[in-house]
Amino acid sequence: MTEQSATAGNWNLPNVLTGLRIVLVPVFGFALLHDGGESVVWRCVATAVFVVAMVTDKVDGDIARSRGLVTNFGKIADPIADKAMTGMAFVGLSIVGDIWWWVTILVLLREWSVTLLRLSILKRVVVAAAQSGKVKTTLQVVALTGLSLPLRQVDGTFHHVGVTLFYASQAALFVAVAMTMWSG
């Protein structure tokens, strides 16, 4: 740990963004599950909340590293915030029937076990994400974003486009799950 990061206080922009992500988890869950996941408006709100949360994940890490604001709190809270948001997406999308439960259970078991392993050795060493883990995360975010959209709820002219994008998101999820198992 650098001297600069050792003296960084917990009240900094990256940690505030991490806290915001944690607060957004139930907001996302509420919006996604509103009206059983059938409301086009609420699914769009859920997707917007998810995208904001995932963008703040990238931004807070970049800021923390570039400005020497890496803190022990951030090292613990950041992966928890990430897993809470993606976990809510997997569980919520399984509840509304857009992801099979076995996929959710498999991914969550892997994600939380890796996170717990990382947290257990955190005091001794920071385990940076491997490139395969970054690819896995990107694929998960793309798939979960697509599946959060009200793609199957669209009627009229865009119905076929919505259904096609839904299955494309399902395919991205399949690749993400394969990467999740491989990168574990």
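In the classification of residues, Ala, Val, Leu, Ile, Met, Phe, Trp, Tyr, Cys and Pro count as nonpolar, Asp, Glu, Lys and Arg as charged, and the others, Gly among them, as polar. The model is predicted, with local features requiring pLDDT of at least 70 and side-chain atom pairs pLDDT 80 or more, whereas totals for chains, interfaces and linings use all residues. Residues are numbered from 1 along each chain as its sequence is written, and side-chain values use heavy atoms, without hydrogens or water.

The lining of the second largest pocket comprises eight nonpolar, two polar and two charged residues. A pocket is an open set of points on a 1 Å grid over the protein atoms alone, where a 1.4 Å probe fits, with protein on both sides within 12 Å along at least five of seven lines; lining residues have an atom within 4 Å of a point. Among the lining residues are W100, R152 and F174. Helix 7 contributes the most, with five residues (helices are DSSP runs of H or I, at least four residues, numbered from the N terminus).

Helix 2 (residues 13-33) has 21 residues and reaches 30 Å from its first C-alpha to its last.

A46 lies in helix 3 (residues 40-66) and counts as buried because its relative accessibility is 0%. Beyond its neighbours within four places in sequence, A46 is in contact (heavy atoms within 4.5 Å) with F28, A31 and L32.

Key: Helix = DSSP H or I, 4+ residues; strand = E, 2+ residues; numbered from the N terminus. Buried < 20%, exposed > 50% of the residue type's maximum accessible area, 1.4 Å probe, protein only. Expected span 1.5 Å × (residues − 1).
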